[in-house]
Amino acid sequence: MTLSKEYQVMIIGAGPVGLTLAMDLAQRGIQVLVAETRHSGEPPNVKCNHVSARSMEIFRRLGVSQALRNAGLPEDYPNDISYRTRFVDEEISRIPIPARKDRYTATGGPDTGWPTAEPPHRINQIYLEPVLFAQAEKTPGITILNRTRIDEFIQDDTGVSATGIHLDTTEVVKVRCQYLIGCDGGKSNVRKKMGAQLSGTDVVGRVQSTYFRAPSLYGMQKAKSAWATFSMNPARQGNVYAIDGRETWLLHNYLRADEPEFDSVDRDWALRQILGVGPDFQYEIISKEDWVGRRLVADKFRAGRVYICGDAAHLWFPMAGYGMNAGIADAMNLSWQLAAHLQGWGGMRLLDGYQIERQPITEQVSNFAMNHAYALQEKREKVPNNIEDKTAEGQSSRERIGKELYDLNVQQYCCGGLNFGYFYDKSPMISYDGTAQPVYSMDKFTSSTVPGCRTPHFWLSGKRSLYDLMGPWFTLLRLNPSLDTSPLEDAARVRGVPLKVLDIAAEEAGEPYTHQLVLSRPDQHVAWRGQALPADSLRLIDQIRGFH
């Protein structure tokens with residue numbers, strides 16, 4: 001079978017990253033073809049359990065955030081993180097996280113007060129992906145080829161020719177596109193074919209994962225139920241995620257440094273030790289997987305007309321859910337830059353911008369995740385032998401370990417810094433003013449309009465979200481309506497750059513907005529700011545569109 005139509009962009013892989021990229025490109029007017037080896041709407045293996053606030057902001061723009069909120073755990077199921085000696089035994093500490101029915105209204109806990117219209121959402125990928133797929137399938141401009149594997153591609157001066165096979169009919173599939181993007185996971189064929197190499201830390205940890213059904217487990221808990229439950233006892237340490245809130249669970253058993261092989265530990269024995277159940281406990285294994293946590297980043301994210309996003313470009317231990325969420329951030333960065341170029345007003349520098357901006361962020365975030373994984377491993381290896389003793393010493397150990405686990409892990413589960421703190425500091429498409437961007441950590445950040453930072457969100461009168469009012473491309477926030485911004489508007493019009501001017505009352509914008517003019521990019525990062533327009537508005541427009 002030969003697809004005679006030429007597509008502007010072909011995406012390999014219909015996971016969360018590929019689907020998000022496809023939807024954003026299509027909403028920007030780009031014709032997209034997505035090739036996926038699975039059946040239509042087929043869910044993946046159970047894996048990522050967390051959608052970050054930054055990703056939920058993106059899904060709000062794409063019109064799918066509410067459908068995602070309505071999927072996953074029951075609306076009243078606690079999203080807390082519980083630390084216990086064993087799943088069915090004593091709790092030693094708890095990180096409170098609002099259930100989804102309270103997500104927009106909850107106050108007072110460490111995971112509330114998010115500076116956004118869309119706080120995080122706990123949902124397993126088996127529920128997330130079908131929602132995204134259904135939305136992508138009905139989005140004009142997207143064509144999806146299911147059960148299709150792309151094996152080869154060759155690029156030339158005008159595009160990319162790709163060849164593959166339909167897995168059910170064995171028919172040959174031939175596609176022509178202007179750009180090809182690999183969102184095809186950690187074993188990415190696109191990455192290999194484009195000659196990119198992974199480097200970093202090959203083994204951060206080894207994990208036995210078991211997805212199982214056990215209807216009786218929910219009622220066996222002594223403590224209040226939780227989305228994630230960590231077991232800390234001398235025999236075994238691991239964690240259990242509630243998948244459907246009723247009978248399905250995902251258990252991770254973390255292998256120790258002296259357990260180098262996956263069969264070093266009996267899976268059934270370890271599961272029972274983590275749960276705290278005896279030989280009479282019945283459960284059904286739905287699927288199982290052994291995997292290695294790594295910290296690997298590709299040396300290049302682009303080769304000519306071919307790009308890689310998400311796990312194809314970077315792999316790391318899944319702390320704070322930031323494998324998938326970083327991939328979604330990749331997609332949104334690449335999407336507007338590639339769309340601008342395809343529409344004729346974005347320059348060649350935009351094509352370089354994706355790697356220039358995203359690769360350093362990937363290095364930063366992957367190191368956060370790796371260091372946190374090592375810190376947790378150290379805690380697991382030093383569980384005191386008396387932690388389960390019904391003695392004063394045992395109680396003291398539980399209190400100490402409980403506090404240490406809370407203090408360490410509240411950083412990854414309430415990770416405002418990873419969501420909103422990162423910035424682009426060496427981009428040729430950003431006009432810097434010499435002010436350093438605020439430092440950030442996993443959990444802490446400072447909202448700022450320093451160029452390169454995320455445009456600070458705030459609520460306007462009438463509970464209107466700033467992001468809902470901004471345009472889909474560039475938005476000039478004008479905090480002083482008396483300022484004449486027509487020279488910048490004219491320059492944008494001359495160059496074909498879509499620009500919306502949004503007047504904002506300074507008192508509504510608040511403290512982060514120290515300048516009267518803030519130019520926000522399509523991905524809600526600050527491109528420029530000033531108290532007045534620059535002397536050469538055309539030069540600024542040329543810079544932000546990749547022609548300077």
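Trainee: Which residues have the most contacts inside the largest nonpolar core?
Mentor: This is a predicted model, in which local features need pLDDT of at least 70 and side-chain atom pairs count only at pLDDT 80 or more, whereas totals for chains, interfaces and linings use all residues. Residues are numbered from 1 along each chain as its sequence is written, and side-chain values use heavy atoms, leaving out hydrogens and water. A nonpolar core joins buried Ala, Val, Leu, Ile, Met, Phe, Trp, Tyr and Cys residues through side-chain atoms within 4.5 Å, buried being under 20% relative accessible area (1.4 Å probe, protein chains only). The largest such core has 90 residues, and those with the most contacts inside it are Met10, Ile11, Leu180 and Ile181.

Trainee: Which helix gives the most to this core?
Mentor: Helices are DSSP runs of H or I with at least four residues, numbered from the N terminus. With 10 residues, the greatest contribution to the core comes from residues 322–342, helix α7.

Trainee: Which residue just after α7 takes a positive phi?
Mentor: The phi angle there is about 95 degrees. The residue that takes this value is Gly344.

Trainee: Which residues does Leu180 touch?
Mentor: Contact means heavy atoms within 4.5 Å. Residues up to four places away in sequence are not counted. The partners of Leu180 are then Met10, Ile12, Phe153, Val160, Ala162, Val190, Arg305, Val306 and Tyr307.

Trainee: How many residues are in the second core?
Mentor: This core is separate and includes Phe87, Leu271, Val277 and Val410. Its residues number 39.

Technical notes
Buried < 20%, exposed > 50% of the residue type's maximum accessible area, 1.4 Å probe, protein only. Helix = DSSP H or I, 4+ residues; strand = E, 2+ residues; numbered from the N terminus.
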